[in-house]
Amino acid sequence: MPTSTTPLDLLLVPAWLVPVEPAGVVLEGHALGLRDGLIAWIGPRERAPAATEVRELPDCLLCPGLINAHGHAAMSLFRGLADDLPLMTWLQEHIWPAEARWVDEGFVRDGTDLAIAEQIKGGITCFADMYFYPREACDRVHRSGMRAQVAVPLLDFPIPGARTPDEGLHLAIELFGDLRHHPRITVALGPHAPYTVNDENLEKIRVIADQLDAPLHMHIHETASEVEQALAEHGERPLMRLARLGLLGPNLQAVHMTQISDDDLALLVESNTSVIHCPESNLKLASGFCPVERLWQAGVNVAIGTDGAASNNDLDLLGETRTAALLAKAVAGSASALDAHRALRMATLNGARALGLEASIGSLEVGKAADLVAFDLSGLAQQPVHNPVSQLIYATSRDCARHLWVAGEQLLDEGRLTRMDEAALTATARAWGARIAGNE
């Protein structure tokens, strides 16, 4: 065990240190020390203990790594394939046929690599994924050094990699067992949506999730038509149906939730279910507006996700957070709704809570994993820096991510990937684009 006299592995000295917890705090003249992949010390720079390496980060804001709480990583290879269409037209006439034609293990391998690299370069240290061939996605996360929750997709009909719902459940159980002790990968069950999974299969999923104590990741109340269709077919709203089947609870991550009645809100609060807000995908598909401020004030944990690059069209969580903050003000009719500090919290600690990882990531606290990002605020567009957190949320692009660490390992150094070959990733993505477009 390290002692108080054991040197830190690395001491980081930023211009501003934003721990997220406690809330609303910005520390100047402070440093953060790493040892064995964990945050080992935080305090005034002049009191810093000895360190093997000291890294000055002038003009940089150091904060927890961003957490992208919902996406479909491999769909990055479908970026821009079918734009400006409503959700069901986009899915049924374009995306599902393209997936049937192209998705295999190689597609998931290359698409996930592309998504991981894009996210690292944008300040994201952890992401939640739900897509086909999840074992391949887990392998890419393992190789990259990144952190992720990988949900095994579960639907009533055949999907790539699982011919039946029971085959999908078997895969989920097997993958969960294989990766139970992985330091950076969590396996979740991913029932796609209430309209693609029947009651019998939802009950099977609930039983297995309870037995494994596994997270549940599900698209819920994404559009008004989804809710209307559920009322017509089942006589109840999807969230009420899930409550009746016992799926609501702290392990459920309810993605989208653009349609929330008073009864829905009461169910979310009572069950301690987290909501994953994906504002740009919802805006682009005209799916509706998640009432973030109303949820927040009621005590619901709200995290943020990009959704997949096929419907966004990027994996820019910093930009997503800005959109979320602005949209929350318009929806609430209040300029003070979702201020900059709370927006950053939504993209960090709230995401960790939604994924059940708040004990290890999401804030800068001694003992937590050293998942960190340093954003450079020295640019013209950030001047003058009256409030660094406001500048980060409202005036800074993801291209300002300069350095990033996951569990103490640096994956981004001066804006360059340390473990991935950006030129090779770009060439591979272009080759896939040519194949999909029929140019090969």
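Author: A polar contact is a pair of N or O atoms within 3.5 Å, where, within protein, one atom must be able to donate a hydrogen and the other to accept it. In this predicted model, such a contact, of 2.9 Å, joins the side chains of His192 and Thr196.

Reader: Where in the chain does His192 lie, and is His192 buried or exposed?

Author: His192 belongs to the loop that runs between β9 (185-191) and α5 (199-212). Buried means under 20% relative accessible area, and His192, at 13% relative accessibility, therefore counts as buried. Setting aside neighbours within four places in sequence, His192 is in contact with Leu154, Leu155, Val197, Met218 and His219.

Reader: Met218 and His219 point which way from β10?

Author: Met218 points one way from β10 together with Leu216 and Ile220, whereas His217 and His219 point the other way, and all are buried. Because five of the five residues of strand β10 (residues 216-220) are buried, the strand is largely enclosed by the rest of the structure.

Reader: In which sense do β10 and β11 pair, and over how many bridges?

Author: The two strands, β10 and β11 (residues 252-256), pair in the parallel sense over five bridges, and His219 has Val255 of β11 as its bridge partner.

Reader: Which residues have the most contacts inside the largest nonpolar core?

Author: They are Phe78 and Phe107, in a core of 112 residues, to which helix α2 (residues 105-121) gives the largest share, seven residues. A second, separate core has 14 residues, among them Leu12, Leu32, Leu57 and Ala370.

Notes
Residues are numbered from 1 along each chain as its sequence is written. This is a predicted model: local features need pLDDT of at least 70, side-chain atom pairs count only at pLDDT 80 or more; totals for chains, interfaces and linings use all residues. Side-chain values use heavy atoms; hydrogens and water are left out. A nonpolar core is a set of buried Ala, Val, Leu, Ile, Met, Phe, Trp, Tyr and Cys residues joined through side-chain atoms within 4.5 Å. Buried means under 20% relative accessible area, exposed over 50%, partly exposed in between (1.4 Å probe, protein chains only). Helices (H or I, at least four residues) and strands (E, at least two) are DSSP runs, numbered from the N terminus. Two strands pair if DSSP finds at least two bridges between them. Contact means heavy atoms within 4.5 Å.
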